[in-house]
Each structure stands twice: as C-alpha cells, then as structure tokens.
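This report describes helix contacts, strand pairing and an aromatic pair in one model. The sequence and structure come next.

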Amino acid sequence: MTDKVTAVPGGSIAPAPGRRRTTNGGSRYAMRVAFAASTAALALVATSATADAAGLSAAATATAAANAPQRIGTAPQIPAGAVRATAPSGSTTVQLSVGLNPRQPAALKAYAAAVSTKGNSEYHHYLAKGQFGAVFGPTQDTVNRVVAALRARGLKTGTVTPDGLTIPVTTDLATAAKAFGTSFAGYKLANGAQAFANTEAPELPESVAGTVSGVIGLDSLSARSTDLVPATPNRAGSATTGGTPHAAATPDAGGGPQICSAAATALTKYGTDGAGWTSASRLASTYNLPHTATSGAGVTIGVLELENYSPSDFAAYQACYGTHVTVSTVATKPAPTAAPNYGSDIGTESLLDLEDLASLAPGASIIDYETANTRTGTGLPTDLQAMVTADDAQVLSISWGNCEYAVGGSSLVAEDYYAQEAAAQGQSIFAAAGDYGGTDCAPLGSKFTYEYAASVNDPASQPFVTAVGGTSLPSHWVWNDGAGGGAGGGGVSNAWNLSPSFDYQTGFAGSGYTSQCSAPSGGVCRQLPDVSALADEQEGYPIYAGGAWHVWGGTSASTPTWAALTAIADAQPGCSASGPLGFLNFALYQAAKTGYSSNYRDVTTGNNVYNKVGYSAKAGYDLASGLGEPDAANLIPVLCADDPAAATGPGTYHPVTPTRILDTRPSKQLVPSGGMTSVQIEGDPAISQLDIPSSGVTSVVMNVTVTSTTGAGNLTAWGYGTTRPKTSNVNWTGKGQTVANLVTVPVSGDGGVDFYITSSAAVIGDIQGYYTKDTTGSTYTTMSPTRILDSRGTSGTNPPIVNNTINLNVVTPGGVPADATAVVVNLTATGTTGAGNFAAYPTGTAFPGVSNVDWYQSNSTVAGLAIVPLGTNGQISVKVAGSTQVIADVFGYFTLGTGGASFTGVTPTRLLDTRSSSPVAAGHMVTLQITGNPKITIPSGIKAVVLNITVTGTTGSGFLSAGADDGSGQPPTSNLNWVGAKATVPNQVIVPVAADGKVDLYVNSTTQVIADVFGYYL
C-alpha cells in the first residue's frame, strides 16, 4: 500500500464542540474547541447502544437498499508466495467490524493535538470519561442509517461501541459476499497457512458509504506477532558489543523492589545482574528512574494482549520481587482460548509485559485486555478500542504488531481514530517499533514481496502513538543481534503523513528519511521510533514463565519500560495535580529541543540493519533509536511541568463592588454533566466599569453558586490555558440544591476562568476582587479569629433576622485598623426557615444585588468566606433575604501598601484526602503540612495559606475549625458547618500558618476531610 491513509469525511456534521459561552450578554472572546460538549453536541443522542431495528423505518431501509453501491477502500494485498487454493466454505463464520468516521474528523484530530501540546490553550483539557461519543462520535442518525443498510443486506449487527465508531457484525462468508458485493478466494501462504481474502473492496449504498471508514475482518492473510526475543544461555555477548564482557552497573538506591537471591541463582546460566541480564532495580538506576515500593501509585496501566497468561507464574514473580500489583483481566470478543504454554510461546509476551511493569512501577495497578489473535485482523483493533473506550487506564502498552503493508487500510484508519480518541481523553499509548530493523515485514516469510523492503510496524507507526525502539546495555548502542536475534525497528511510514499543523517531528529527520519519504509538498512522513530503551535479549529482562526463570528481550520489553516510566511520571505530585500526561510525542520532542543532553541519552553508535535494510545511529534523532534513552530524573519534571508556570504572584489585592459576571440561568439551559462554562476576566467590556485591567491579573476572587442541581456533583474552577486540576471548589449532594462558595482562581493564558461540573446545574459567578503583581493594591494581615456577630445572642434565644439589613462595626482597637481596605470574614447562616440568602457589602453603598451565602431548605447551617470592602465608619452591612440567624467571624484584613503579606497563587493541588486512610474522629485534629510538602512547592515563612476545605461522609452534625499549628489547640471560631450524616460541604479558608509550616484542622464530629491549596501570603 503506497498511498497515504486518509480518513474519509462524511456523515452528519454537527457544530464543533466548544466551551459554553457565558450568558451575561455573551462572551466577547471566541471559544475554542474544548473537552466539554457544546449545547448542540449534547443535544445529540449518544451512540453507545444497539440501534433498534424496530425504530428503523421501512422507508429508510428501502432507501438504503435502493442506493447505488459504492466501494470502500481497496481489496487486500496478496503476499508474494501465496498461491490460489480451494475457495473457503460459504458457511465459514466471521466476526466483522464496520468502522464509522467521527462526526468531524478534522476537528477531532485538531482537538487531540491541542490537548497534547504545551502552550495551547486547550492543553490537558481532556474529554471526561464516556464523553467522546456525544462530542465526536457519529450522530445517532448516521448510526441508524448504516445499521439499516447492513440489515437490509442480510447482516446481523451487534451493539454499537460506546464511542460510536464501530458496528460489530457476525455473519458467514456467503452472506458477507452478497452484502458487500465481493467474492472470496482461498490461498495457501508461503509459510503453509491456509487463508482467504475478499477479491474486491467492500461496497455499501452510496448514501452511507461516505460515513464508513472501512470493514475489518474480510480476510485472514496475516496475524499479529509479538516483538520479543529469547536470550541464549551462556552466550558471550551480543553482536553490538562484539562479545566484550559487560561492566556491572550499580543497582538503584531508591528502595525499589529487588530481585530475590533464588532468581539470581537460577539466572546464572545467562550471567549476572548487569552482565547477562538486567534486574528492575538496575534498569531503574541506569535510566535514573524513581524506583520505590510505591512508584506509580494511583495510576492504572493497560496492556494489550492477544493471548492468555499464567497467573501462577506472575504470582511467583511478584513473590520474588516482593510486589503486590493487582492485575484485572478484561476479555474482548473473540476471547483467547489457548491455555498458557511457555513451550509453545503462549502467554510469554503477556508475562514479559506484566512482570516488567510490576517490578518497575509496583505502586500502579494493571488491566490486562485480552483477545484472540485472529487472522481476520479484528483482534488488535478491537482490543485497542476496548482499552480506549473503557478509559480506565491512563497508560496503554502494546507489544504486538505487524508491518503496515500487511495490516490493511481499514484497520489502519480505525486504529488512528482510536488513538486520537485516547489522546482526547488523556491516555498515553506506547507500542513496540518491531524487532526486524528497517524491514518489519520480514516475519511474513522469505517469499514475501516486502521482506527486503523498508517497512515499519503498526500500530507503532500511528501518528498518535509513541513508538519504542531498542538499545543494548551497558554500551548504550542500537540493539542489533543480527538474523539470529533481532534489531530495533525503525524507519519511515508508508501510511502516514504529519501535516504542517500536526508535526511534532519537525527538525528531527533521521538519515535515510529523504530517500524513503514520499509525502506531498508541505507534508512530513511519520518516522519511527520516537524513543528507545533496553531491548537486547543478551542483557535482557528476567521473567518467570512456565515455572522457571528465563531472560527475554525485544522492543516488547522496551515498550512496557516506557509505559512504566510514564505511569511513574503521572503519579508525581507535579503531574498528578493536573491530570495524566496523555499523548506524549509533542512533549517528548519539545524536551529534546530544550534540553536534549539532560533529558535523554543520545544513542550515537550502532545500526538496526536487518536483511540488508536499516539505518545507522548518529548524533541527535535517528531512525535506529529515535530520540534515544531516557534520563528520567530530568525528563519526568520536564514532562510534568505545566505551561504556563504554576505560580502567579506575588501580588496585591484589589477589591471591587461585588458584581455578577456569570449567570447561565437566562439561557434556560443547564451546564451539562461533564460540561463547562467560562467567563472572561481581563479586558471584557461587560465588566469594564469595575476597572479590571486588560492584562496583569494573576488571580481572581469570585463567589460561585450552583443552583437547579439535578443530582450530586462538584464544580472545579481554573484559569484558561492551564490544566484542569484534580480539585473541587463547590460540592452538592442532590437534586434541587443551591450551594455557594468563595473561590480564588489563578488567571493566566488569555485572561479567563473555566468552570467544569460533574452533574448538570446552573452556574453563577460574582466577582469580589482580583490580584495583580504590582504594589498598587492591598496586602494581607492575619489576626486571631474574632466573632463580631452572633444574632442568636448569649442565651441563644434571640429571634432570627427576617428580610432585614444589619450593620456591623469591624474596626476595633487591637483588631482591624481604621485604614483597612477590606476584611476577611466567615459568614454563617443557621436556624434557617425555608430557602434564602444573605450578602455582605460596604456600609453606605448600594446593595450590589449578589449573595455570599445561600441555603435551600429549613434548619440549615451554611458557612461562606467573604472578602468585604469596608464602608462608612469602618462598617460592613449584611442584607438577609429570608429567615436565619447570622454569625460573622473576622480572620484578617487588607491595607494599602506593602505592610502586609503579598499573595501568590499556585496550581490548585490536593494536599489532604483522608478518604484514602480513615476519617478524622470527633474531637480530634489533623495536622496539614503546607511548606515542605512534596506535592507542591511553597516557601517557608509564609503568613497564611488559602485552602478549599471539604468535609464529606459526615456521621452527624458538626463543624470544622482551621488554625495555625502553634500549640494553642482548638480555634475559638468555626470555618465549616454541616447538618446531619452523609453531608458534603465545602468552604474556602484563609488560615494562619505556624512557624513549622503547618495548620491544624479540628472537627467536633467524625468526618472525612479534603484540603486543596490555591495560594499563600508571604
């Protein structure tokens, strides 16, 4: 196949998915393609259910049947050496996959690239789990029409995949021949295997042919193979080292799992650790990979396997290393049936993948996706799609493949769409570049036409997959063990171009690229590999299989090594706060541009010539080793570094008249579950009367309210152009609730704020103030928490305040000074009657028409933090709408100038979540380390920290108090209040920090506690 694969656009075209616009007159800024479904896209029915035959009108069926047929793609290429044989029986059962194009192929590709590119405003704005079908999947109308056309031709369709991209079909060859307008021929392949193939490209009615990407499973010419090679016991050395004895490397000192002595003894027939085989700890040390008993904790790795594996062998391996990695198995149809058998090489690849991952990333969990290695070609694409649509694993590892020529265009296109889907969801895919150097078709047999032609491995060559090549240790040469062993795969794709707008390999052309690339003008051919790691079987990976220890290599081994590295990176504090790394190629090549020598070990010696086809290593990128091997200690922080930088200060505070700048209710459409809304802060004319500058805003303070909730959920706020953090700002527990909270949000990128919600609701945003890096605003001073109002009175029997306004004196001797510009006050409503709200604002000014604290039912106790400018005579006013008691506690104040502490915003990061251990017991405190916390960099000496604290899983009514860890015990005031069991309540707090860099969180009722940091004062 010499033509480049291109997706065929078709189907109903819906508006590109994008952020919901603000509804306060509409946003003045163009909204970009985003992970949230647009209103138009969400109106479409998801395609993750079986199309109902009864719902397909007879007219639609008749129309589909009457349409002129149109061929889709081309007939499969018959390998040289194959001879015609008896035609297959028409009763032969086949499992087919009818692929559908995404709703907007170009928009999907652009989005997948955007969320993977640092500096792009969509960077890491991934699709939520299960959202792909609604946003990018074909419309239900498209699915219905294709299903109708297939059924009209006598085919039995199955359940459409959740992403809407595949309609499974079970049929026999006779029915398939009639349905797709082709015949089937039999063949005897060069290796003696019997096969069949369709003689013509499949056809479908013209009305639906343009929506179909291809049909997989119409031939059985080629099966996928593993990319692993066994070591030879007592061999002097690999070809690349010329038999030179290996110098022993030093095992890592990171406290990671060490291979047991019994295994080392059993492996002496291959050599010793570092001189014949390489233990996990030594490999980690070689690549400066963090290696502890918990490396990769919290991350799930998915492995694609076309076979079963032996759990008992895997358990024995873990017992040796002392690891306890959990492996769950997901079988996709058709499931593998052959039992694991090391002698027959069934299950060896799986054990190599699982055992490599378990010893390098013992804190991770693994999902083993298994399917049968059918010669019809549905196995690998079906298993890949299952991994992606499940979206349960952040990192995916594939050690199986075949040369592009043998795969076929339908499978190539389908895999491309699945890889784009994975990128859009934030999944990283690694695939073996192959073990046959520059001619990956070599395993197909000596008479195959392309055995001596340049060819690369699929799915490694997919543009949205990271291809992993092979090297030798300790020489750090390109792995090449000759015809008796193997060589790291690499070369130029014959199937894929990288367009100028999607080209992460610009400036990295390897030697030999020009003679192999046939891209049209302006295009760039996809090159392999991207990166490399140990693959030499003579220095390879010890595995336990068939009840004994062996050593194996190949790019099957280097691939899970890179998957483990990525899982470990995903688990690092700098990464975990902002979501998984996702598709890595943009970041990997950028890391080479900005720090090649520190981020990689450049492999400059050796070649991957195999059967006279291959490429030599050179300085920089090459087609033998790609970018080279990782220096993980430097590379991981580079990959994890957010863009723009996390810190947004220091700076000063500028209070404004509380003003509503976001309200989605007038649109009469709730922000959908898994959707988002946005608001512009800098330079938006709609709020220009507030004198907010058009640039220079570092953080914004808003009171955010959700209302008209449809079920339990939470809201996350963050700045444009940064990664959505794994934190929350507002939480609610059911339908029909109104919940508010103060949020402090970093503002970066193009000067706006995004809000993501997990359950449909209306969102309201009232701006209270903002921070800038200059010194023209106010700085903050902490003070001992002081209660300035409790309307219940000393006896607790005063009547509630009903639809009234009260004025509070804030300026007091020894407390808030007269020159204060604003006060930080925690406001609590309790003893409520019905629904209502109240708002705090400067005395002597007009009521701003916004609220600070909201409640939706009687007998509520709800707290909310507010930063309120001071009005006449140093007073603030509280206007009550409804009936409630009011409590007000002052925690600090702002004054003009630099006499107080300046504010620095940070990437929102979760510092505490007791749900992973045990709740905080009634009458106890949990101490939270702020400075020196490995999860985020905050300097020592800070005066106060901005936290969003959430209690959840409450066991009864109670309160939480936050204060400095200074030995004074329980603070005299409260920050959060809740009523009853099973409550979830958030509130922002500004807490003084003790000299030891800690704060204490006291609860009087047993509950789980979550704390997210948003900034600090220094």
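## Helix contacts

The axes of helix α12 (residues 379-390) and helix α14 (residues 409-425) come within 9 Å and cross at roughly 15°. Axes here are lines fitted to C-alpha atoms, for helices over the stretch in contact, with angles from 0 to 180 degrees between N-to-C directions. α12 and α14 are therefore roughly parallel to each other; angles under 35 degrees count as roughly parallel, over 145 as roughly antiparallel, 65 to 115 as roughly perpendicular and the rest as oblique. Their crossing is left-handed, a term for a near helix turned anticlockwise from the far one by less than a right angle, with clockwise giving right-handed. On α12 the contact is made by L380, P381, L384, Q385, V388 and T389, and on α14 by S411, E415, Y418, E421, A422 and Q425. Contact means heavy atoms within 4.5 Å. The residues of this contact divide into 6 nonpolar, 4 polar and 2 charged. In this count Ala, Val, Leu, Ile, Met, Phe, Trp, Tyr, Cys and Pro are nonpolar, Asp, Glu, Lys and Arg are charged, and the others, Gly among them, are polar.

The model is predicted: local features need pLDDT of at least 70 and side-chain atom pairs count only at pLDDT 80 or more, while totals for chains, interfaces and linings use all residues. Residues are numbered from 1 along each chain as its sequence is written, and side-chain values use heavy atoms, with hydrogens and water left out.

Helix α16 (residues 555-571) and helix α19 (residues 632-640) have axes that come within 10 Å and cross at roughly 55°. α16 and α19 are therefore oblique to each other, and the crossing is right-handed. W562, L565, I568 and A569 of α16 meet A632, L635, I636 and C640 of α19. The residues of this contact comprise 8 nonpolar, no polar and no charged.

## Sheets and strand pairs

Helices (H or I, at least four residues) and strands (E, at least two) are DSSP runs, numbered from the N terminus. Two strands pair if DSSP finds at least two bridges between them.

| Strand | Partner strand | Bridges |
|---|---|---|
| β47 (residues 944-952) | β52 (residues 1008-1017) | 9 bridges |
| β3 (residues 93-100) | β5 (residues 166-172) | 7 bridges |
| β48 (residues 958-964) | β51 (residues 998-1003) | 5 bridges |
| β4 (residues 156-157) | β5 | 2 bridges |

N948 has D1012 in β52 as its bridge partner, and A964 stands opposite V999 in β51. In β5, V169 is the bridge partner of L96 and also of T157.

## An aromatic pair

The structure holds 33 aromatic pairs. Rings of Phe, Tyr and Trp (its six-membered ring) pair if their centres lie within 6.5 Å; planes under 30 degrees apart count as stacked, over 60 as edge-to-face and the rest as tilted. Among them is the edge-to-face pair of Y504 and F586, at 5.3 Å centre to centre and 80° between the planes. Y504 lies in the loop between β23 (491-498) and α15 (513-516) and F586 in helix α18 (residues 585-599), so the pair ties together parts that are 82 residues apart in sequence.
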